[in-house]
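Open the model in your viewer and keep the selection panel at hand. The tour below goes from one selection to the next and says what is found at each stop.

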Amino acid sequence: MALLEVKELSKSYGNIKAVGGISFEIQKGEIFGLLGPNGAGKTTTISMLSCLIKPDSGDAFVDGCSILKDSMEVKKRIGVVPQDVSLYPTLSAQENLVFFGEMYGLTGSKLREKVDDVLEVVGLTDRRKEAINKYSGGMKRRINIAVGLLPSPKLLILDEPTVGVDPQSRTNILETLKELNKKGLTILYTSHYMEEVEFLCHRIAIMDLGKIIAIGSLNELRLLVGERDLLRISTANEISKDLVETVKKIPDVSEARVLDESIEILTLHGRKLLPQIIEIFGDAGIKIKSVEVKEPNLESVFLHLTGKELRD
Amino acid sequence: MLKKIFNIAINLLKITLRDKGALVWLLVMPLIWTVLIGSMSGPKSSSNTVPVGIINLDNGTYGSNFESYLAKEKDIVIVIKKDETELAQLVKDTKVSVGLIIPQDFSDSLKLNRSVEIKLLKSEKSSSYFIEELIGKVAKRMSIDALSANFALEKLNTLVQVPETSKPEIWERAYKIADAYFEPSPSIAVNYKVLAVEQKEQNVAVGMNLSSPGFAAMFVMMGVFFAGAAMVAERHHGTLARLLTTPTSKFSIISGEMLGFFLLGLVQFLILILFGQYVLGVNWGNSPFGVALLTVSYVLAVTGLGTLLSVFVRTSGQAGAFAVLVSMVTSMIGGSWWPIEIAPKFMQSIARFTPQYWAVNGFNKIITRGFGVSSVLSNFYVLIAIACVSLFASVVLFRFE
Amino acid sequence: MKKIFFIAIKDLKLRARDFYAFILLLVMPLVLILVLGIVFKPMWTSTPFVIDMGVVDFDNGEFSKILINDVFDSDDLKSMLNITFLDSEAEAKDRINQGKLAAVVILNRGFSDAIMAGENASIEVLADPEQSIKSGVVKSIVESYTLEVLKRRTMVETFLGTVAPYSSVNPQDIQKMIPEWLKEIENEKDIVLVKSSTEKKSTNEIPAMGYYAVGMAVMYLLFATNSGAETIFEERRLKTYDRIRTAPVHENVLFGGKLLGIFLVAFVQFLIIVIFTALFYGVSWGKSLSGIFILMVSSVLAFSGFSTLFASIAKSEEQIGSIGPALSMIFGFLGGGMWPVFLFPQWMNVVSKFTPNRWALDGFLKLMESNANFAQVLPQCGVLVMMALLFFLIGTLRLKARGV
């Protein structure tokens, strides 16, 4: 039996269908990613799975317990790391952990041990007595995770845990999660950062507009774009919209998008096309600085599937 | 630069006036408060007459004398009752301010030079000091009359043999002679003159009365502190940095904000003054120029102090806590709540450090004593001094943030 | 459920850490009680205060001297009256206008002569309108003097008037006896006495400090419970509610914990104020510990309920923060915490009964004044608890509907 089974979960707010009937499964020991742009419905899904809001229809089962009927049981099995640092700013890390541990029903020596434990996992043991409002953004996120670990959950659910975090803390967090997973923790990880999801997750579901539009391992998803390559060309000058349109019109090119001082082109036979593209650029007076031929990433998958960009 | 200062000020005003919480403190609360206090210490009955209940059990005629002497006093209305329990109830319900029971043997005791007691019923609920004084005077009058009649008769008897049957008549005659010294008013009397402006109401600045200037002063301070300092605290510690990157000098910013508070306080004070004048009947109009001077200087002083406060607090919650604390305590000490005279001497000295003291003192000079501008110049100067010192302190302290 | 306690304790901890809450909830009431107690001490216990007054003596006659030397300088009044002798009425008015003298007694030329001659005479007293209590005292002192003088003169004059028709009496004989008689008259006591019987409820007199300790402590309860109510919004904002909800905690447990937290913070505050004022301000809260305790509990319950109701109506933390103190002050006033209730007009008295403050105050005053015991404050406790139930009911329903 899958650790998490989601069956046709739906939630609307008025006329807006935030989540429109999604289903997926997470196996024990997996790190499962939920990838999608802001507004895709990831947070709403998480809120339903954490039993914070009631779905309009559908159900989900954590270790066999229904979020509709056995929410208390579900809560005992999951740890939630929400998007916001929902802690008491004037209390110390230790005090926050103790309090929430109590909320999870931990007491006495068991509580103390667990608190020590999670502090060590996130590497904040020596700063446990400081008030949360003195922590940096990265540290706050780490404590956030620590709280999620308090109930020794079967499933850890994280919602955009690295937003606004410095690169070092981010790496730290990702490494920690990988470690925990190696020790047997199943993780549901949502983000709109492609690199993290690619790094961390065994399987990924891509969400857009409340629906899951693709699901599978990274390789499986890449295959969705077919035998396509991702060309990345960085330029010295700006690339005009007309130029992008021109590139798009080239047969075999499926998508092209402009980033800062570079352009990404999703196309078949990337290597073969390169000379043609370089020529077009040359004619337009664009100076090319470097060229990369990459395997398509999740951004390209997303772009291919939806015509939109993952990141705003 | 002036235009920028002005703009910042107007902006502050706008933001504050839109803030419903600020409006509560600026206007709603002071108005409610003034009405509450005002209805409490005002005259007891609308027509300013004081009812006194009397039960006259006297067998003779002098009991009614007592009644009529009392009735002659201005503003007293005698209510005749027969039953003691009924009278006691009236007193308890404050339907009469006091009750008097003249005993059966009143006239007899007078004639026998024997002391007699009139029972006075009063309740803690109504302050009857004034009435008791009047009653005491009437009692004294009758004592003197009776003593004189007795004395005269006694001494006469030592000189001339007075036949028993004539005695009552002589007594009564003597009584009348004595009593003549009390008409139309006591022959030896005290001429009491309060050096104040003629008021429509009897009592001027008595007890807790005449609180309109005092409470207005308190609420203006609270208003400026609450609305002003609170606002600025947020801004200074959140957005001041941003403001400073614009081509606006720190001086302009602070001046603009202060101008904003100042206008706020001024408008608030004006509204409270008008309210006091037209709704509570306080006469602020004796010297408009004097009132203007005091108002402006007081608001300046409060603005300065508010600015000083804003240097020390970081959030509006903190500003709120201090605003209420400082305003209430300095107002109490400074004489906003009660006449300074009832406080111990050392407290009265401390009071001089509060702006409220100088404002209330100044307003009383104008409203109560009826003086003009020149009398409040010293108050004006002190308030301006407070303003300057606190502003200076704010600028200096803020620099080292 | 243990979790209710954990939540409440957490709230208590948070409040205890907050410096500004400390100022608002503890420092302020204690300072106010102190100020009020000090200021009102003389008035309440009628400790004599000192009156600065002036005397202008144009008369220099016998009766003026008696007033100045025998009356003002008597043992009774000597310590109370601080007399400055002035030379002119203008000077007198000047000093009064400056607030330096509460009253000035002016004895006009010919005063004593007029009295001797049996003519009308008067003493002028000029008063400072801002010191009406003190000038009133001066007035009554001078008045009792004039009445005494009047008494003597009247008695003598009455006799003379009575004896006049008797031609057999020799005027000169009478003249000789008058000095003796005057001595007799001196000892004549008043015949007509007025004796008051006040509805005295109290066996103990409560000093000002005690009265205001109760009034302020009760008023500040609302500050405390309101700050607790603010945290309802705060936790929404911090999203810590959601955090707690992702743990296996029932809605009702969460809510109960919050309410208990509001109660605890206010109760602790009240306790501290009671103990502090008892230890350092010398306030006696009464002899019945159980009475005090149950009244404290009922009062805190009532206010906790009120703040819960308030939280269910308010739209934001800031609203509670700004309207809250205003409500506290108004309730505090209406409950009789600042001015004694017996000064209220009838309508205000009625309105006052709708505030928890009034009932709490009545209960505590009973305990303090009449040494009431537990049973005697049960009525007040009953009303407070009923108010609590009503407030809690409505507040809870509304909050649940909105989703705490």
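Start with helix α11 of chain C, residues 251-280. Its 30 residues, at 1.5 Å a residue, should span 44 Å, and its end C-alpha atoms lie 43 Å apart, which agrees; the expected span is 1.5 Å times one less than the number of residues. Helices (H or I, at least four residues) and strands (E, at least two) are DSSP runs, numbered from the N terminus. After α11(C), select C:G282, whose phi is positive, near 70°.

A note on the model before moving on. It is predicted: local features need pLDDT of at least 70, side-chain atom pairs count only at pLDDT 80 or more, and totals for chains, interfaces and linings use all residues. Residues are numbered from 1 along each chain as its sequence is written, while chains are lettered from A and ligands numbered from 1 in the order in which they are written.

Stay on chain C and show chain A beside it. In this pair, 17 residues of chain C are in contact with 19 residues of chain A, a contact being two C-beta atoms, placed from the backbone, within 7 Å. On the chain C side, α1 (2-17) and α10 (240-246) each supply at least two residues, and α10(C) gives the most, with six.

Now select the sheet of chain A. Six strands form an open, mixed sheet in the order β6-β7-β8-β3-β9-β10; two strands pair if DSSP finds at least two bridges between them. β6 (78-81) and β10 (211-217) of chain A are at the edges with a single partner strand each, so one side of each has no neighbour in the sheet. Inside the sheet, β3 (residues 31-35) and β8 (residues 186-191) of chain A run parallel, joined by five bridges. To see one of the pairings, select A:I31 and its bridge partner in β8(A), A:I187.

Next, chain B. Chains A and B do not touch, and their nearest C-alpha atoms are 15 Å apart. Of the two pairs of chains in contact, B and C share the most contacts. Chain B holds 14 helices and five strands.

Which residues have pLDDT below 50? One such stretch is residues 42-47 of chain B, with five contacts beyond near neighbours in sequence. Where pLDDT is low, the predicted coordinates should not be read in detail.

Technical notes: pLDDT is the predictor's confidence in each residue, from 0 to 100.
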